[in-house]
Amino acid sequence: MSDDTNSKEYEIEKIIFHQQINNKILYFVKWKNCGLNGNTWEPEENLINCPKILNDYKTKNNFFKNKK
């Protein structure tokens with residue numbers, strides 16, 4: 001059992017949307033077991049424990065387009 005009871009890690013259900021503000025991308029996240037009021041805007045550095053969800057979202061939304 002962990003002694004760190006003040007720190008709770010939530011699990012992402014899906015990334016709903018993204019927006020860019022001041023050259024920084026924020027993701028609108030739906031958290032598992034949370035209602036719609038629990039959705040939050042998160043910077044990518046807060047999503048390090050869900051690389052597959054983040055990569056799938058980026059692929060679906062053409063983040064990896066080759067620039068010509």
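This section describes the sheet, a surface patch and the cysteines of a predicted model.

The sheet is open and built from 3 strands. Their order is β1-β2-β3, with antiparallel pairing. β1 and β3 (40–43) form the edges, each pairing on one side only. From one strand to the next, the twist averages 35°. Strands of a sheet pair through backbone hydrogen bonds, in either a parallel or an antiparallel sense. Here, strand β2 covers residues 24–31. Its antiparallel pairing with β3 runs over 4 bridges. Across this pairing, Y27 stands opposite E42 in β3.

Strand β1 spans residues 12–21 and includes F17. F17 also contributes to a nonpolar surface patch, together with I16 and W41. The patch amounts to about 290 Å². The relative accessibility of F17 is 47%. F17 therefore counts as partly exposed, because this class lies between the 20% limit for buried and the 50% limit for exposed. The value also passes the patch criterion, which asks for over 30% relative accessible area.

The cysteines were examined next. The disulfide count comes to 0, with a pair of cysteine sulfur atoms required to lie within 2.5 Å. C34 has 26% relative accessibility and so counts as partly exposed. C50 has 10% relative accessibility and so counts as buried. The 20% limit thus falls between the two values.

Conventions:
Residues are numbered from 1 along each chain as its sequence is written. This is a predicted model: local features need pLDDT of at least 70, side-chain atom pairs count only at pLDDT 80 or more; totals for chains, interfaces and linings use all residues. Side-chain values use heavy atoms; hydrogens and water are left out. Patches are made of residues with over 30% relative accessible area and no salt bridge: like charges are joined within 9 Å, nonpolar side chains (Val, Leu, Ile, Met, Phe, Trp, Tyr) within 5 Å. Accessible areas come from the Shrake-Rupley method with a 1.4 Å probe; for residues, only the protein chains shown count as cover. A salt bridge is a side-chain nitrogen of Lys or Arg within 4 Å of a carboxyl oxygen of Asp or Glu. Helices (H or I, at least four residues) and strands (E, at least two) are DSSP runs, numbered from the N terminus. Buried means under 20% relative accessible area, exposed over 50%, partly exposed in between (1.4 Å probe, protein chains only). Two strands pair if DSSP finds at least two bridges between them. Axes are lines fitted to C-alpha atoms, for helices over the stretch in contact, and angles run from 0 to 180 degrees between N-to-C directions.
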